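Hello,

Here is the structure I promised to pass on.

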There are 2 protein chains.
Amino acid sequence: MAAVERQFQNQLDEIKSLLLSMGNSVEKALETVVTGLIQRDLEKLEGVFAIEERINHYQVELDQVCTEFLAKQGPVATDLRLVISIIKINSDLERMGDQCVNISHSAKDFIQQKGSFSLQDIQVMAAVAQKMVKDALDCFVTRNAEVAQKVLMTDDELDQRKQQVFNQMVAAMKKDSTVVEPAMDLILIARNLERMGDHATNIAEDVIFVSTGKDIRHGKYS
Amino acid sequence: MAAVERQFQNQLDEIKSLLLSMGNSVEKALETVVTGLIQRDLEKLEGVFAIEERINHYQVELDQVCTEFLAKQGPVATDLRLVISIIKINSDLERMGDQCVNISHSAKDFIQQKGSFSLQDIQVMAAVAQKMVKDALDCFVTRNAEVAQKVLMTDDELDQRKQQVFNQMVAAMKKDSTVVEPAMDLILIARNLERMGDHATNIAEDVIFVSTGKDIRHGKYS
């Protein structure tokens, strides 16, 4: 391989590896807030802020290296699609960090209140969201369009589960006005978990775009 | 100007103009759902779906032309930063379309229920969000970093107003369990308006990045 090609490949590998480190941090942030909520552990919930800061640093660095790579290496075809996708996935991962912070706030609120809500449904939602995030990052590495498709399909399940939590909490608030605050916390946590799934879906769509050149968003098969 | 430079400039102008058409559609979508809610007009609220579809088409087209432009023209420096920013702003605008659809759903729910909630605070929030979206798009055109800074500052105001609506609605639900559903609708509408402001903020940050080369996200002045 010529030196210039090797440099191109090295830089591209570095960008991919940076994105995956960022992805690992997002997985860690999600695991931290979910465990913190289930174990009612305030200290753990506080721990997410340091992880989110790391995610934010990754975002800035990744944008910089992608811009430099585009300027200096002028990639085309699959490599160009890959870098464009990484720029978009970068935004998704950063927002997933924000959502983990939101979950931390609601969870801290929740565990400091009285109330006897079961966290079982939230726990199932969290497990589904975690699997989607993991699969989305895995299929980015393997370029496995089948796993990416699975992520897209799982998103419907997550939406339904969110709606279920939402309906249950509205019913509970109507029945007993003293549970409004903890019920609202669970509604907000469910919404944030659902949004984590939306971002995992965006990543999976980007993976399909890189692998196939097909833009499958909005039912487009162009 | 040489023919090749003219072609470069023409294509870049076309991309910018496409982004602005998309931005106009987002402004139209927001105006439609806000008016539909205030005037309790179901038909108007339905009208947002066609606008959102247009926004989704713009998103796919814009990604295509940006990818082609990067591949064929290999822009550098400010032009490269501009195209990268447009790719990101494209995602923000598409999500703003989604949020208008969410607002439409909650608003339809709200106006079909009994209840006597004043919409005054939501109306103020909507006006603030509309101004932020308008200013964000305007400063993209004029590259006016001062207007962009104003958008960033207004975002705090919008967050505070959302928190105010949230607190009022929680208090109302605790006092009277028959208002849980309309109160939840207003909470969701307030959250979606706040998220519109977040996306306008992202756009303003991108404008500052294009104009100055400075990444001001997360307090970074690198």
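**Starting point: K44(B)**

Setting aside neighbours within four places in sequence, K44(B) contacts T32(B), T35(B), G36(B) and Q39(B). K44(B) itself sits in helix 2 of chain B, residues 42-46. K44(B) has 19 inside 10 Å, so K44(B) counts as partly exposed. One distance for orientation: the C-alpha atoms of K44(B) and A126(B) are 16 Å apart. Along the chain, 82 residues separate K44(B) and A126(B).

Please keep in mind that this is a predicted model.

**Chain A as a whole**

Chain A has 7 helices and 0 strands. Read from the N terminus, its elements go α-α-α-α-α-α-α. The C-alpha trace of chain A spans about 70 × 40 × 20 Å along its principal axes. Chain A holds 222 residues, and buried residues make up 44% of them. Now take the contacts in chain A between residues at least 6 apart in sequence. Of these, 79% join residues at least 24 apart.

**Two helix pairs**

Helix 5 of chain A covers residues 120-142, and helix 7 of chain A covers residues 180-212. They pack at an angle of about 20°, and their axes are 9 Å apart. Angles under 35 degrees count as roughly parallel. Helix 5 of chain A and helix 7 of chain A are therefore roughly parallel to each other. Their crossing is left-handed.

Which residues meet there? From helix 5 of chain A come I122(A), M125(A), A126(A), A129(A), M132(A), V133(A), A136(A), C139(A) and F140(A). Their partners in helix 7 of chain A are L186(A), I189(A), A190(A), L193(A), M196(A), G197(A), A200(A), I203(A), A204(A) and V207(A). By class, the residues of this contact divide into 18 nonpolar, 1 polar and no charged.

The second pair is in chain B. Helix 1 of chain B, residues 3-38, packs with helix 3 of chain B at an angle of about 160°. The axes of helix 1 and helix 3 of chain B are 9 Å apart. The cut-off for roughly antiparallel is an angle over 145 degrees. Helix 1 of chain B and helix 3 of chain B are therefore roughly antiparallel to each other. The crossing of these two helices of chain B is left-handed. Their contact has 16 nonpolar, 5 polar and 4 charged residues.

**How the chains meet**

How many residues does the contact take from chain B and from chain A? The count is 26 residues from chain B and 26 residues from chain A. On the side of chain B that touches chain A, four helices each supply at least two residues: helix 3 (48-73), helix 4 (77-111), helix 6 (145-175) and helix 7 (180-212) of chain B. The residues on that side of chain B divide into 11 nonpolar, 7 polar and 8 charged.

What relates the copies? The same surface serves both copies, as 100% of the contact residues of chain B recur in chain A.

Best wishes

How values were computed
Residues numbered from 1 in each chain as written. Chains lettered and ligands numbered in written order. Predicted model: local features only at pLDDT ≥ 70, side-chain atom pairs only at ≥ 80, totals over all residues. Contact = placed C-beta atoms within 7 Å. Nonpolar A, V, L, I, M, F, W, Y, C, P; charged D, E, K, R; others polar. Axes fitted to C-alpha atoms, helices over the stretch in contact; angles between N-to-C directions. Parallel < 35°, antiparallel > 145°, perpendicular 65-115°, else oblique. Left-handed = near helix turned anticlockwise from the far one by under 90°. Buried ≥ 20, exposed ≤ 12 C-beta atoms within 10 Å, placed from the backbone.
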